[in-house]
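Please examine the sequence and the three-dimensional structure shown below.

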Amino acid sequence: MFAGLTTVAVMMVMAWTGLAFDAQRELHKQTAALLDVWLANIDRGNQLYAQLEKLSGADCGPAHLKKLNTLVFKDNHITNIWFFPDGGTRAACSSSFGRFDPPHDFGPPEKAVLFRDGRETWYRVPFSHADGVDRVTLIKKGRYGVSFFQTGNLATAEDDLFYVSGKSDPYSVRYLANGNPGLLTHYGNSFGPAFGHVYAQACGPGNIRLCYLTMIPASRVLNDNGLLLSIFAIFSLITGYLVCQRVSRTIRLHNSPTGRIRRAIRNGGKGFEPHFQPIVTLATMKCDGCEVLARFEDAQGKLFPDEFISIIQDQNLTWEFTEIIIQKALENLIPLLAGRPGFKVGVNFFQADLDDEQIQTVIQSPVFQTATDAQISLNCEILETGIGTGTSIAKSLEYLRSIGCLISIDDFGTGYSNLAQIKALNPDLVKIDKMFVDDLGSSLESTRVAIIHAILDIADAHGMRVCAEGVETFEQLTSLRNRKVDYAQGYYFAKPMPIRDFSLYLLEQSLKEKMPAEGRLPKLSPVQNT
């Protein structure tokens with residue numbers, strides 16, 4: 001929701017900023033155009049006033065008015081010529097409006113030092129002698145005043161200022177011609193059209209120059225562009241909704257099991273921890289190895305293996321995951337297994353990582369050399385169901401064996417491999433699935449037990465060791481020992497445990513080997529931090 005609202009707000013600010021700057025550009029064009037007219041009028045006036053003073057019969061009679069109208073007609077810049085008989089502020093007639101009875105008094109002029117030749121200015125002063133005309137602007141010198149055409153849409157200027165400034169100090173009014181001098185202060189303190197009123201300034205040439213500053217309020221820009229802003233607001237709302245949906249999907253993916261697993265692997269396995277389940281040699285009842293099993297927990301909670309394993313396969317992250325687990329397991333085990341050379345560490349491998357395209361990447365991983373240097377025997381476990389038809393993975397397993405790994409077939413008996421396939425793979429160890437072990441030691445041993453006998457015969461004939469999984473009772477243990485099974489693992493010995501508990505388990509095993517025939521040592525437990 002916040003992302004959607006932010007998007008709407010940003011888009012509306014961008015729209016308003018564009019409209020405000022566009023309004024400023026248009027106002028600046030109008031302002032510059034009007035100033036150009038005024039500057040041209042000043043130059044034109046230098047010639048026109050001398051010509052007017054030479055007119056004869058200046059009495060507002062028909063002949064006089066005809067002469068004034070002729071000048072207006074011939075000059076494209078002039079709209080009206082006014083006649084002031086005594087040179088004061090009272091106009092007796094004009095070319096456009098004829099004779100005034102009584103004469104029209106314009107009142108005190110707005111004097112600007114800009115006109116050093118005595119010209120006086122009335123800017124937008126009230127006028128009531130003609131229909132449709134309520135204000136006029138004129139420049140007077142001597143007995144004549146002139147009104148010029150004005151270009152630029154001055155009707156858009158809510159406030160304006162004609163003033164004279166110095167080039168070195170453009171934000172000060174040296175001489176006021178007309179308007180609000182405080183407007184210049186507001187203009188100097190403004191932060192641009194997007195943050196308030198819209199201003200436009202134009203100045204003439206020279207060190208002392210005539211400047212024109214106009215302003216239109218922000219409310220006028222808003223009113224003039226209401227429809228456009230409404231359309232853009234609808235577009236912004238639609239965009240904001242789509243952004244909100246996209247962000248929501250991203251967050252859902254981020255917090256989904258898939259997102260959590262991908263993020264964990266991308267961050268070097270953060271959240272994954274190896275757990276260790278002991279593998280016991282049944283002849284000596286000593287722990288000579290373990291199987292590494294992955295567990296996952298992050299800020300959102302735990303994910304069980306049956307959840308994250310399928311995600312890892314779907315996302316093609318199998319080797320990245322396996323390498324992380326091996327590396328973390330070795331980091332935990334190396335300090336613990338000093339003095340235990342040949343300790344077997346079983347790790348489950350995915351079928352996809354044994355394909356011809358992937359195996360070279362796998363065997364080049366530094367984790368294998370790390371295990372060799374620590375005298376740890378990595379046991380690469382593959383599911384029997386992953387063997388497939390024929391002997392397609394035999395070459396990959398030979399690569400692993402060549403760099404010092406042992407090869408195990410996990411869950412043996414549950415797949416559909418035949419004797420030829422097993423011989424081609426030449427595994428060092430086969431692991432009997434728990435479903436066959438469950439019936440051992442019961443009053444009625446099922447036909448599954450016969451499969452165990454067959455597995456043992458095959459293993460013995462081909463020099464393979466056998467490990468039984470899922471041992472949970474003393475009766476099962478006794479039955480396996482009587483059948484001369486080599487190794488066993490299961491809850492009877494220990495559940496998969498974190499490295500701290502596994503280290504205590506190995507220490508307890510060592511103490512049992514050294515303890516006297518009589519008497520018992522108390523069971524070890526982790527030391528509580530104080």
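The model is predicted, so local features need pLDDT of at least 70 and side-chain atom pairs count only at pLDDT 80 or more, while totals for chains, interfaces and linings use all residues. Residues are numbered from 1 along each chain as its sequence is written, and side-chain values use heavy atoms, with hydrogens and water left out.

The protein chain has 16 helices and 19 strands; helices (H or I, at least four residues) and strands (E, at least two) are DSSP runs, numbered from the N terminus. Of its 530 residues, 44% count as buried, where buried means under 20% relative accessible area, exposed over 50% and partly exposed in between (1.4 Å probe, protein chains only).

Is H64 buried or exposed? H64 is buried, because its relative accessible area is 1%. This residue lies in helix α2 (residues 62-74). Leaving aside residues up to four places away in sequence, H64 touches G57, A58, D59, F83 and Y144, contact meaning heavy atoms within 4.5 Å. H64 and S94 are 30 residues apart in sequence, and their C-alpha atoms are 9.9 Å apart in space.

Two helix pairs may now be considered. Helix α6 (residues 257-266) and α7 pack at an angle of about 70 degrees, with their axes 10 Å apart. Axes are lines fitted to C-alpha atoms, for helices over the stretch in contact, and angles run from 0 to 180 degrees between N-to-C directions. The angle therefore makes α6 roughly perpendicular to α7; angles of 65 to 115 degrees count as roughly perpendicular, under 35 as roughly parallel, over 145 as roughly antiparallel and the rest as oblique. The contact is formed by P257, T258, I261 and I265 of α6 together with F308, I311 and I312 of α7.

Helix α9 (residues 356-363) and helix α11 (residues 394-402) also have axes 10 Å apart, but pack at an angle of about 5 degrees. These two helices are therefore roughly parallel.

The largest pocket has a volume of about 970 Å³. A pocket is an open set of points on a 1 Å grid over the protein atoms alone where a 1.4 Å probe fits, with protein on both sides within 12 Å along at least five of seven lines; lining residues have an atom within 4 Å of a point. Grid points are joined across faces, edges and corners, and a volume is the space filled by probe spheres set on the points. Of the 40 lining residues, E291, L293, N348, L383 and D410 are the closest to the centre of the largest pocket.
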